[in-house]
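Reader: I would like to learn how to read contacts between aromatic rings. Please take me through them.

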Amino acid sequence: MKRICHIVDVGARTPLGLDATTSAAAVRAGIVRIEAHETLVDSTGEPLRAAVDGRLDDTLMGWERMAALLSAPLQHTLRSVPPHRPDAPLALMLALPEHRPGFGAAEEQRLHQYLGSIAPAQHPFGIHTVGHGHAAGLLGLHRAVELIGERHFEVALVLGVDSYLDADTLRWLGEGRRIKTRETRSSFFPGEAAGCVAVVSDTALRTLRLPSLATIQGTGVAREPSASEDPATDPVNLGRGLSAAIEKAAASLLGNGQSTDRVLCDLNGERMRSEEWGMVALRSHRALTQAGDFEAPAGQWGDIGAASGPLLVALAVAGWQRGYHRGSTTLLFAGSDAGLRAAVVLERPS
């Protein structure tokens, strides 16, 4: 019998707010935090336009900046969700950027060490790096559901963090013409953020007496066969991987002749991703109440990379908590440069 998994807490830190509630409210209000950076410039020599956490020291870069971003969301969730048993390790699904100039295996290891240093003494983290890139956070939810279903854990945390604020990373993006400037079209505004989601079993929900913010109805993960290491050189993307992920996540809905009420995603303005979604909307229209209709907050808080999954969850939960989303289901999807595609269907708690 399939075990029911619940979202019981969401922590966040974004350019729009220092927690999930204020960040979601800012997105709902249409606030945009994309601004000219005081010191960094783009490939044209103009001030870099990016969505930056204004409370962080400008001298912090790379993995150290990511460490500063993730602390508050993680600590928020740790305070809200006690371990299921006094001696239970905490399963931590860690979503990180894809390896790139400015972030590689060495920086990933430093983040692991940092997380180990801030873990509660009585409950060390069992850290699983579940994937890299935009889709990694939703892959983390997929893996958390699997581990809870297999009874390895009753409680799992999914933590995603990313920041493009690193000299080598920005230079690499600029050379690929992926940063939005007055001379680029298929490009995005760099952002930075962190989010943490707590997932528990139905048993843990009752034992710990926690409120359910959402139920995970389905998850799906697939690979886009046309993806390559360099997105700019990808052949025609027909959206086969993303379609497969969405159809897996929405399988129970489709089986009952239903569709999702709302779509939240990581589309960031890059043409290849928008064209992919156009193909998916045609192929997977049965899963969508209004095919092609979606919400993409990257235009407000920038492209937030590996933090996308947990923060899309935060927006879905806020819609139900604040009453502005009346529907019962929300589809989340995200896609990484190297081809990972992931989707999750959340259901409003009864």
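Reader: Is Y164 buried or exposed?

Author: Residues under 20% relative accessible area are called buried. In this predicted model, Y164 has 4% relative accessibility, so Y164 counts as buried.

Reader: How many aromatic pairs does a search of the whole structure find?

Author: The search finds 3 aromatic pairs. In one of them, the ring centres of Y164 and F188 are 5.4 Å apart. Planes under 30 degrees apart count as stacked and over 60 as edge-to-face, with the rest tilted. The planes of Y164 and F188 stand at 45 degrees, so this pair is tilted.

Reader: Which parts does the pair of Y164 and F188 tie together?

Author: Y164 is in the loop between β6 and α5, and F188 is in the loop between α5 and β7, so the pair ties together parts 24 residues apart in sequence. F188 is buried as well, at 1% relative accessibility.

Reader: What is the geometry of W277 and F294?

Author: Their ring centres lie 6.0 Å apart with the planes at 85 degrees, so the pair is edge-to-face. W277 belongs to helix α9 and F294 to the loop between α9 and α10, so parts 17 residues apart in sequence are tied together. W277 is buried at 3% relative accessible area, whereas F294 is partly exposed at 32%. Together with F333, W277 and F294 form one aromatic cluster.

Reader: Which ring does the charged end of R28 sit over?

Author: The charged end of R28 sits over the ring of Y324, 4.2 Å from its centre. K180 lies over the face of F189, 5.7 Å from the ring centre.

Technical notes. Residues numbered from 1 in each chain as written. Predicted model: local features only at pLDDT ≥ 70, side-chain atom pairs only at ≥ 80, totals over all residues. Heavy atoms only, no water. Phe/Tyr/Trp six-rings, centres within 6.5 Å; stacked < 30°, edge-to-face > 60°. Helix = DSSP H or I, 4+ residues; strand = E, 2+ residues; numbered from the N terminus. Buried < 20%, exposed > 50% of the residue type's maximum accessible area, 1.4 Å probe, protein only. Lys NZ or Arg CZ within 6 Å of the ring centre and 35° of its normal.
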